[in-house]
Amino acid sequence: MSTVPYPESKVKLPIKETLLTPRFYTTDFDAVVQLDISAHRTELEAVVEQLRVDYNRHHFVRDREFEQSWDNIDSEKRLAFIDFLERSCTSEFSGFLLFKELSRRLRDQNPLLAEAFGYMARDEARHAGFLNKAMADFNSSVDLGYLSKNRTYTFFPFEWIVYAVYLSEKIGYWRYILMYHHLQKHPQKQFYPLFRYFESWCQDENRHGDFFKALLRSQPQLWNNWKARFWSHLFLLLVFFTHTLTVFERAKFYQSIGIDPQDYNIKVIDKTNETAARAFPVILNTNHPEFFDRLHKCSQHHLKLIEINNSDRSQFLKFVQKIPLVVSIIGHLLRLYALKPIDVESVRETVG
Ligand SMILES: [Fe+2]
Ligand SMILES: [Fe+2]
């Protein structure tokens with residue numbers, strides 16, 4: 001990457017792109033403008049009303065516990081924590097940019113959706129800002145202005161945005177709340193006050209997820225046909241695959257707060273999968289004996305790939321050593337996709 005004129009050495013360069021770096025998304029805004037939500041207006045209005053209340057208006061205020069030196073945190077734990085903050089901040093900011101743009105584009109033609117996206121952009125900006133202040137406590141930061149101007153955007157059709165953002169909001173909720181509950185039980189592991197904020201914070205993510213659920217259910221083509229089942233199945237698998245890789249790559253951070261990465265990964269995925277049954281036509285059979293076994297094998301291969309990348313071997317040798325690992329990961333993913341998903345739409349119809 002070319003040199004960037006930062007005034008102080010303590011400010012970090014934009015993070016290195018890897019497979020797991022949070023991405024920035026753009027979509028077909030004209031297709032969103034055309035959405036007909038009239039049949040589900042009441043339900044959507046109820047969700048928007050929850051966002052309008054702004055329960056966390058006064059939540060993201062740093063209290064006095066932040067006013068101290070954090071130099072006592074040893075370097076390994078410190079690096080793992082900064083990495084956690086950095087990726088979380090980038091992914092919150094990515095949500096902010098997408099929601100803000102959606103709100104702007106929908107303002108004239110679909111004021112209700114524009115209002116909802118505006119509230120969600122408000123929340124994500126708060127989350128990203130709060131994380132960035134935490135990074136400053138560790139003499140680090142993400143240059144959000146630079147990121148918004150210089151990141152490349154990945155295009156997703158709006159249907160994919162609905163599946164992917166719904167899942168990322170709900171998995172975000174479970175990640176934060178499970179960490180919060182763990183630290184409530186083990187307060188001696190809470191080495192920094194940020195974690196105390198997660199309980200109300202994750203309710204924002206939960207409400208964002210509820211909005212996307214209402215939006216998804218308002219569009220029958222997103223749940224009542226084979227394409228919807230195909231994409232729901234694929235997005236569930238890809239989100240859980242990415243989550244597993246991220247958790248094991250950050251194992252040191254989780255261990256530093258007394259969380260067993262494997263146990264945490266399983267809980268987050270199981271809970272998110274159960275939650276997704278309220279929105280998606282299918283969910284995954286996470287109880288299948290191969291399910292977590294194959295995901296964990298993928299994460300072990302991924303760790304080996306990182307080790308190879310970071311080694312000082314020649315580019316050619318690195319390439320050759322990586323091939324069997326990549327092939328094996330693809331093989332596991334194909335076998336995982338071949339596991340029969342659970343059809344929750346038919347159960348929903350029976351229950352009425
Ligand atoms: Fe957020
Ligand atoms: Fe969110």
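1. Two residues are in contact if their C-beta atoms, placed from the backbone, lie within 7 Å. By that rule L237 touches L284, L336 and Y337, leaving aside residues up to four places away in sequence. The model is predicted: local features need pLDDT of at least 70, side-chain atom pairs count only at pLDDT 80 or more, and totals for chains, interfaces and linings use all residues. Residues are numbered from 1 along each chain as its sequence is written.

2. L237 lies in helix α8 (residues 226–249); helices are DSSP runs (H or I, at least four residues), numbered from the N terminus. L237 is partly exposed, because 18 other C-beta atoms lie within 10 Å (buried means 20 or more, exposed 12 or fewer, partly exposed in between).

3. Helix α11 (residues 289–310) has 22 residues, which at 1.5 Å a residue should span 32 Å; its end C-alpha atoms are 33 Å apart, in agreement. The expected span is 1.5 Å times one less than the number of residues.

4. F291, R294, L295, C298, S299 and H302 of α11 are buried. They cover an arc of only 145 degrees around the axis, so they sit on the same side of α11. The face turned away carries the exposed residues P289, D293 and E307. The cover over the buried residues includes α8 and α12 (315–338).

5. The axes of α4 (residues 111–137) and α7 (residues 198–217) come within 11 Å and cross at roughly 150 degrees. The two are therefore roughly antiparallel (angles over 145 degrees). The contact is made by A116, M120, D123 and H127 of α4 and W201, D204, H208 and F211 of α7.

Notes: Chains are lettered from A and ligands numbered from 1 in the order in which they are written. The arc is that of the directions from the helix axis to the C-beta atoms. Axes are lines fitted to C-alpha atoms, for helices over the stretch in contact, and angles run from 0 to 180 degrees between N-to-C directions. Angles under 35 degrees count as roughly parallel, over 145 as roughly antiparallel, 65 to 115 as roughly perpendicular and the rest as oblique.
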